[in-house]
Amino acid sequence: MTHTVLVTGVSRHVGARVASVLATDPDIDRVIGVDTVPPSSLARGGGGVALGRTEFVRVDLRSPDIARVIAAADIDTVVHMSLVSAPSKGAGRSSMKEHNVIGTMQLLAACQRSATVRRVVVRSTTAVYGSSPHDPAVFTEDAEPVEVQHSGYAKDASEVESYVRGFARRRPDVTVSTLRFANFMGPGVDSPLTRYFALPVVPTVLGFDPRLQFVHEDDGVEVLRRMALEDHPGTYNVTGDGIMLLSQCVRRSGRPTLPVPSPAFRALGDLARSAGQVDYSPEQLGLMSYGRAVEPDRLAAELDWRPKFTTASAFDDFLHSRGMFGGMPLAVIDWLSTVLGGGVRR
């Protein structure tokens, strides 16, 4: 059986990689990639991820045009990768929310009307669980956030998931998979968090050392590929095994740290955002204080698969790709930290 797959968000790195790997599958007849701007591989000068035989269509998900694309191509599988975590340059928070929430509503409405769509895969985020001092040690997929998200990317993702659940109820004949990804790491990832770790001096919140988890882009793409080809209904956490403390990450990177009180950290975030350096969204600030950890065992059992990269090795690969790797094993760094009294700061 052949498939026709629609992938949204193909102008971004992970979305382009998903479309590219699906386009190499002989069981897939066509891959159609959509976004508001062309992928860098199609732009003047090339570069970026080669999309292979992916057919690019320029369309804004907020418009009814997406329904015409789905109907004209007889799409049977939709991989929704278009959720963005930070406003693009020149666009504000309201534009980001419209893209994330209104765009998803239009896409799901088009899928609901379609007679051919049989599988929908949605990229979400573990940010839906929030970050608070009262969080459980780890979140499972059935856990509710301790504090409701009122703004930013996390609120968008929560709203998107509610619309996805509504769609699944209305179209029980469609297999719906929601994937809550931890922060992506890897050579090609450009995100608020990767830009944070690449700062010349890394600000941290005084008195806090949050737990972090990462998923390598290779593992994320593999999960999305499998979900696009197989029926795995439900909601799944996706992360590399293990956790890292923020202090481990910054020591591993060799960057000096600047511990500041929480109000000053927020002020630094506002300055960095206005300068176009790093977008310190509300959930980013919470993560840098309280961290977050999720349990990925449901996905491992469903797919009979575990990611190749742990949280630590995914972060190491990111550091290697940026020339930031100090080459000292984490165990040695932590031992030195203990011996020297709680902090190796360069």
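The model is predicted, and its protein chain averages a pLDDT of 88, with 85% of the residues scoring at least 70. Over residues 340–346, however, pLDDT stays under 50, and for this stretch the model has nine contacts beyond four places in sequence. Where pLDDT is low, the predicted coordinates should not be read in detail.

Seven strands form an open sheet in the order β3-β2-β1-β4-β5-β6-β11, with parallel pairing. The edges are held by β3 (55–58) and β11 (234–238), each of which has a single partner strand, so that one side of each is left without a neighbour in the sheet. On average, and with direction ignored, neighbouring strands of this sheet are turned by 20 degrees against each other.

β1 and β2 pair in the parallel sense over six bridges, and the bridge partner of Val 7 in β2 is Gly 33. β1 also pairs with β4, again in the parallel sense, over three bridges, and here Val 7 stands opposite Val 79 in β4. From β4 the pairing continues to β5 in the parallel sense over four bridges, with Val 79 standing opposite Val 121 in β5. In a regular strand the side chains alternate between the two faces of the sheet.

Next come the helices. Helix α1 (residues 13–23) is largely enclosed by the rest of the structure, because eight of its 11 residues are buried; among them are Val 14, Val 18 and Leu 22. The cover over the buried residues of α1 includes the strands β1 (3–8), β2 (28–35), β4 (77–80) and β7 (183–185), together with helix α6 (217–229).

Within the largest nonpolar core, which has 33 residues, the members that touch the most others are Leu 6, Val 34, Ile 66, Ile 70, Val 78, Cys 111 and Val 120. The elements giving two or more residues to this core are β2, α2 (65–73), α3 (93–113), β5 (119–125) and α4 (152–170). Leu 6 has contacts beyond four places in sequence that include Ile 32, Val 34, Ile 66, Ile 70, Val 78 and Leu 107. Apart from this core lies another, of 30 residues, among them Val 223, Ala 228, Tyr 236 and Trp 305.

Two buried residues deserve a separate look. His 216 belongs to strand β10 (residues 214–216) and is buried, with a relative accessible area of 1%. Its side chain reaches the backbone nitrogen of Asp 218 at 2.9 Å, and beyond four places in sequence His 216 touches residues including Phe 184, Met 185, Pro 187, Phe 309 and Asp 317.

Thr 239 lies in the loop between β11 and β12 (244–245), yet is buried too, with a relative accessible area of 3%. Among the residues that Thr 239 touches beyond four places in sequence are Ala 182, Phe 214, Val 215, Val 294, Pro 307 and Thr 311. The C-alpha atoms of Thr 239 and Thr 310 are separated by 8.1 Å, although these residues are 71 residues apart along the chain.

Notes
Residues are numbered from 1 along each chain as its sequence is written. This is a predicted model: local features need pLDDT of at least 70, side-chain atom pairs count only at pLDDT 80 or more; totals for chains, interfaces and linings use all residues. Side-chain values use heavy atoms; hydrogens and water are left out. Buried means under 20% relative accessible area, exposed over 50%, partly exposed in between (1.4 Å probe, protein chains only). Contact means heavy atoms within 4.5 Å. A nonpolar core is a set of buried Ala, Val, Leu, Ile, Met, Phe, Trp, Tyr and Cys residues joined through side-chain atoms within 4.5 Å. A polar contact is a pair of N or O atoms within 3.5 Å; within protein, one must be able to donate a hydrogen and the other to accept it, and residues adjacent in sequence count only if both atoms are side-chain atoms. pLDDT is the predictor's confidence in each residue, from 0 to 100. Two strands pair if DSSP finds at least two bridges between them. Axes are lines fitted to C-alpha atoms, for helices over the stretch in contact, and angles run from 0 to 180 degrees between N-to-C directions.
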